[in-house]
Amino acid sequence: MSLVLSIAVSHLRFRRRQTLVSVLGAALGVGFFIGIAAMMQGFQRDFVARVIDVQPHIVIRDEFRHPPPQPVEMVFPGGAVQLVGVKPKDEVRGIRNARAVIDSLRRLPGLHVAPVLSGQVLLRFGAKDVATSVTGIEPEQERLVTNLEKDMVEGSLDALRTSPNAIILGQGVAEKAGVRLNDTVSAVSPEGVALKMTVVGIFASGITLVDNFDSYALLKKVQILQNRPNVVNRIRIKLDDIADASTMARRIEARFGYRAESWEEASRNVLGIFIIQNAIMYSTVGAILIVASFGIFNIISTVVFEKTRDIAILKSMGFTEADIRRIFVLEGLAIGMIGTLVGWLIGYGLVELMASIDIKMEGFVKAQGFILYRTPKHYLISGGVAVVTATFAAWLPARRAARLRPVEILRGGG
Amino acid sequence: MTVTAIAAAIAAEGMARVLPGPVPVTLLHGIDFAAARGEFVAITGASGSGKSSLLYVLGLLDTPTSGRVLIDGEDASRLPPEEQARLRLMKLGFVFQFHFLLPEFTALMNVMIPMKKKGGRGEGDMRARAAELLGAMGLSAHLSKRPDQLSGGERQRVAIARALANDPAIILADEPTGNLDSASAQRVFAILSALAHDEGRTVIVVTHDPVLADLTDRQVHLVDGGIVG
């Protein structure tokens, strides 16, 4: 062991209890970071995975992001034109010429397309009314685009074809209406069309919002129900490579004019919450580590104060300022490193403890217990931050120690 | 004087030390001093006469306001701090009124610290030399004791052994017997005297005790920061 290190260690052993407290402070910061990060990132990653699983990667809607340009604006593109009282044409809503759009999309590689029409419907079963959004699908194409088939808990997707006026309900919808498989419900649309429909399936995606509000029927039936024959108001797309979603959505929008949303855009508010969550997590853990670094600053300052005579004598022996500074910085570094190791153990224990807890919860998603994301990255980040803050906290008193002038301390003999 | 200063092991030339401040305090002024190799010199004077201040400036622990300090004929008082630290490590050994041993380490380790700082020796070699030095101080039985397990006289002898660790040419002692009973004080002085006369080191000791001062080769008497007589 080097001389400087053995002096540093002797100081820490001399102040055993205070050293322990400082180590514990750093360890708790590290441990909590690992625990909280595993929990938060576990939840976030699970949510994203489920969203990607359930949603199509891109949805083309029968809307425009910007109002269509007026002829006068096209003639004078840079001109100071103000149009007052523009009335939009009263059009049938839906994607115009959907068949041609779908055909040209199908010609692109790595892409699956399914047309749908969705609209609000009121389900009536006995005395209960439940509002649901019914999506009209073509089962053969839908199964290429979403995982509806995988999420079926009762019945099957093909039953939409085999039985007349069939409907598949989300689990939450079915529970709210008190409906079971093979029950007949009456569906009423805002257009006033009413149909008796048979429940041929129930699905559960795990995403509460979807399960509580969505239902599926054949595209043809929904067109009848909504009184919009041959209309398609959304086109759902699945990509072979999900990373392309944003660029592909932009390209589609540029080409057809209709609003094309990637899954990231569709879940933007939730992804935004994640950013806030992460900010809260990092600031909480950061605060713990800052408090811990005050503890380290405190102990090193105390040691410097108590050891002024030792510092003076070491200097008289020929220790340089750099040697003295190194002693005290090493003390901080040692606290930081031991704290990191202990914190890793605490963090590991915390994660395993959470993994063993069984709770049922229903927030954004349904889950049993915590979903935990275990990665060495959390250990490295927390350890790195702890060691750096500990070293910095020690550096300030260490600098003061290095600058002490031995005469002022040794004088006293007269 | 200049010739002797250059030939001397340690010397001060026209040296003054003034503490700056609203009212500057003159600690030392007009000091011309030289000590030869193998010489045992006492710096005497009343309390506050500047004897310790002189020792600290000679030992490069303090910087003179004017004049210079020569060690082996070389002006050392204006060297950068790292160079001064190196000179202290290689050529100077200090003994203070209080022993100033590191309380966490054994007597043996305390003596080994300057050797380790200097480096260039094996661990076993350092251990053997430290044990030999402590043996010469009559402390063979106390090698692995910590300072709080030793008596005042024993601690001071450990401190002397530590000052000798790197075989310095010059020993500077500031009231080394200030806290000792007269028997221990006599013994410490005998050791210091032997270091000068038998081993050819320059030993400069600050003391206010005229009986002990009489045991040295030469006395330099300070009054109000200046040398008299």
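The model is predicted. Chain A contains 17 helices and twelve strands. Its radius of gyration is 33 Å, well over the 22 Å that the globule rule gives for 414 residues, so chain A is more spread out than a compact globule.

**Overall form of chain A**

- The C-alpha trace of chain A spans about 110 × 60 × 40 Å along its principal axes.
- Of the 414 residues in chain A, 42% are buried.
- Among contacts in chain A with a separation of 6 or more, 81% join residues 24 or more positions apart.

**Packing of helix 2 and helix 13**

- Helix 2 of chain A covers residues 16–54, and helix 13 of chain A covers residues 268–306.
- The axes of helix 2 and helix 13 of chain A lie 8 Å apart, and the two helices pack at an angle of about 170°.
- Angles over 145 degrees count as roughly antiparallel, and helix 2 and helix 13 of chain A are therefore roughly antiparallel to each other.
- The contact between helix 2 and helix 13 of chain A has 17 nonpolar, ten polar and no charged residues.

**Contact between chain A and chain B**

- Chain A provides 18 residues to the contact, and chain B provides 27 residues.
- On the side of chain A that touches chain B, the elements giving two or more residues are helix 1 (3–14), helix 14 (308–317) and helix 17 (406–410) of chain A.
- Helix 14 of chain A gives the most to this side, with five residues.
- By class, the side of chain A that touches chain B has eight nonpolar, six polar and four charged residues.

Methods:
Residues are numbered from 1 along each chain as its sequence is written. Chains are lettered from A and ligands numbered from 1 in the order in which they are written. This is a predicted model: local features need pLDDT of at least 70, side-chain atom pairs count only at pLDDT 80 or more; totals for chains, interfaces and linings use all residues. Axes are lines fitted to C-alpha atoms, for helices over the stretch in contact, and angles run from 0 to 180 degrees between N-to-C directions. Helices (H or I, at least four residues) and strands (E, at least two) are DSSP runs, numbered from the N terminus. Angles under 35 degrees count as roughly parallel, over 145 as roughly antiparallel, 65 to 115 as roughly perpendicular and the rest as oblique. Ala, Val, Leu, Ile, Met, Phe, Trp, Tyr, Cys and Pro count as nonpolar, Asp, Glu, Lys and Arg as charged, and the others, Gly among them, as polar. The radius of gyration is taken over C-alpha atoms; the globule rule is 2.2 Å times the number of residues to the power 0.38. A residue is buried if 20 or more other C-beta atoms lie within 10 Å of its own, exposed if 12 or fewer, and partly exposed in between; C-beta atoms are placed from the backbone. Two residues are in contact if their C-beta atoms, placed from the backbone, lie within 7 Å.
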